[in-house]
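Hi everyone, thanks for making the time. Let me put the structure up, and then I'll talk through a few parts of it.

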Amino acid sequence: MSYRSRLSAASLIFLLAFLIPGQAAAFDPAELDDETNGTNWLTHGRTHSEQRYSPLDEINADSISKLGLAWSVDLPDARQLVSTTLAIDGILYVTSSFSVVTAIDARTQKVLWRYDPQVTMKAGKTLRVLWSTSRGVAYWDGKIFVPTGDGRLIGLDAKTGAELWSTMTVEPDSYYYITGAPRAFNGKVVIGNGGTEMGPARGYVTAYDANTGEQIWRFFIVPGNPDDGFEDNAMKMAAKTWNGEWWKHGGGGNVWNAMTYDPDYNHLYLGTGNGSPWNQRIRSPGGGDNLFLCSIVALDADTGKYKWHYQTVPGEAWDYNSAMDIVSVDFKVQDRDVKAIMHAPKNGFFYIINRSNGKLLSARPFAKITWASEVDMKTGRPVERPGARYEDGEELVWPGPLGAHNWAPMSWNPNTKLMYIPYHDAPGLYNDSKIKTATFQATGHKFEAGVSFGADDAPADSGTSGLMGWDPLTQSATWKIPNPGMWHGGTMTTGGNLVFQGRADGLLLAYRADNGEKVWEYNAKHGISAPPITYAVDGKQYIALPVGWGGGIAMTAGSIGAQHGWPYGVHPRRLLVFALDGKADLPPTPPPTAVVAIDDPEFVLDDALIARGTEIWSDTCFWCHGGGAVSGGGTPDLRASKIVLDLKAMSQVVRKGALVPRGMPQFEEYTENDVLAIQHFVRSKARLELNAAKAE
Ligand code: CA
């Protein structure tokens, strides 16, 4: 090459790099492990550590009074926005309902591409169990990886959104579904699945080649039938902790949320789920620890081979999965450098674990706990309270299935050395006296936890919640702030001494990270369920937040979700982006509103039909339409539905699948009489609501 052409080639590269906006920089995997570079938000927890800490400090505790809305983009088809946005080289990747991904140019606010994997049309029977929620995508070397509710993992060109490969990670029509974000490292992308409650599920995690989608390894969380042979020595070891014919019940352990890659040891940590079914007397009669339920399991990231595990809940019986985020933190305890994992699972204990070997360093309660009194540091095991396993009948236990901390991510600030945890104090009522535990067998595609579950609504004040700055050194809260109701978004913390959290009531708030003093708030005018992120473009710091009420509370939890006033389809869904001196107006949004049930005074209720309707409701309908037919906002509230007043139309929807494209599954096995029974159940709840309103 002549000097002249070399010069022009160099000039061209210079031009491409600096003059074309949005031109991607070369991919550097080291950036995924660099806490000091805050330009991008590259993976679910920003970096491999999952700390959700950004060193950016232009927006800080002093300058924050100038923080305002810089721009917004409406996402008209999105229903529930619970995902973590990725920000990579000036492009934002936002995941909305049914795994639709929108790439937006952060400089021009133009939508670059939109990818719709057509989940409702492809899900088949899986549509009965999946929620429309998706917590996000992963990125590796110019590719975006999209998991879908029906179980696919898809590789896209990050620039164009073109599909590069698609692979099915579960059996088609199965009761396994995906809501979690994949993680990518070393040219691989890993994904788990959910479905623990929706059939005899056996959880697993699979690693695929990021370039081709070819399977590299698969790790099962619980052992299968010994007669089929064990996949590896870890399953052989785990099988010794199970009793009876556990494989007929699946066992569970699904990794539906937390996975953390650790470049220091080349480990992948899995946060494993609860038992399938919840009731251990069914799952493993006679007890046993039931490995690897409710554990952190460390794998060799290249081979998927077992390295170590720590189990938070031996013999799980309460839906206490350990699927909450796993945060890698290097910190000093008594002048000793510790490479630790920090983990605050549903069960209410805050764990510090040595990530080289899985040894427990500390475990103390961070919320109200009544199932156990403490964790015995000699054995590393919880000391359970008698009766907590509802062995003597109905038992009110803290925490309940909602968990002391759920998937809304916590964040770690290396300057304040505090963990910011969105927590709940909410009990669960456990009872299996009406369950035939000896013969119980889950069949799949409906809610079957092996404990009695009512079809009724839970009161709006069933629990309390808040945000805390937790000091792992002293294992105590440095500060704590109550939040209204329950189910708020995850947190993000910055080098500007700030913590951000969006709430169910629509407020995005910023607090001083060191002392929890509220320094800023913005009314997004719609329930916030996603965690905020921060990034920089052309040296300026931005904060991005998808706003669109969603998640488990919006689906199953009735009044707990409905109380905030975000009924299905009323409030616009959008991405909000904030910056210092931001002056944009929020586009018009209706105020919070309550659902008003439709009256039909002519309708004569039939008790026998209501009883059958109650049965069907607690099997299938409540999973999305809420306890007591009170929708939390993730789906239409059927008490206000005109379709329910018209039996023919209702039958078209329920039995013929008329609304499958919109996400309402088909139940072809329900008879016309079953549809009538559901109608009577819903009408009885509508009348209950109308009578209560009249009495007020
Ligand atoms: Ca569960």
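In this predicted model, the largest nonpolar core has 90 residues. Those with the most contacts inside it are Phe 219, Leu 268, Leu 270, Phe 292, Trp 318, Trp 371 and Trp 617. Helix 7, residues 607-625, gives the most to this core, with six residues. Another core lies apart from it, with 68 residues, including Trp 71 and Tyr 115.

Leaving out residues up to four places away in sequence, Phe 292 touches Phe 219, Met 235, Tyr 306 and His 309, among others.

Now back to helix 7. How do helix 7 and helix 10 pack? Their axes are 7 Å apart, at an angle of about 95°. Angles of 65 to 115 degrees count as roughly perpendicular, so helix 7 is roughly perpendicular to helix 10. Among the residues that meet there are Leu 609, Ile 616 and Trp 617 from helix 7, and Leu 676, Phe 681 and Val 682 from helix 10. The contact divides into ten nonpolar, five polar and two charged residues.

Last stop: strand 23, residues 349-354. Six of its six residues are buried. Phe 349, Tyr 351 and Ile 353 lie on one side, with Phe 350, Ile 352 and Asn 354 on the other.

Strand 23 runs antiparallel to strand 22, with four bridges, and antiparallel to strand 24, with five bridges. Tyr 351 stands opposite His 343, and Phe 350 opposite Arg 364 in strand 24.

Conventions: Residues are numbered from 1 along each chain as its sequence is written. This is a predicted model: local features need pLDDT of at least 70, side-chain atom pairs count only at pLDDT 80 or more; totals for chains, interfaces and linings use all residues. Side-chain values use heavy atoms; hydrogens and water are left out. A nonpolar core is a set of buried Ala, Val, Leu, Ile, Met, Phe, Trp, Tyr and Cys residues joined through side-chain atoms within 4.5 Å. Buried means under 20% relative accessible area, exposed over 50%, partly exposed in between (1.4 Å probe, protein chains only). Helices (H or I, at least four residues) and strands (E, at least two) are DSSP runs, numbered from the N terminus. Contact means heavy atoms within 4.5 Å. Axes are lines fitted to C-alpha atoms, for helices over the stretch in contact, and angles run from 0 to 180 degrees between N-to-C directions. Angles under 35 degrees count as roughly parallel, over 145 as roughly antiparallel, 65 to 115 as roughly perpendicular and the rest as oblique. Ala, Val, Leu, Ile, Met, Phe, Trp, Tyr, Cys and Pro count as nonpolar, Asp, Glu, Lys and Arg as charged, and the others, Gly among them, as polar. Two strands pair if DSSP finds at least two bridges between them.
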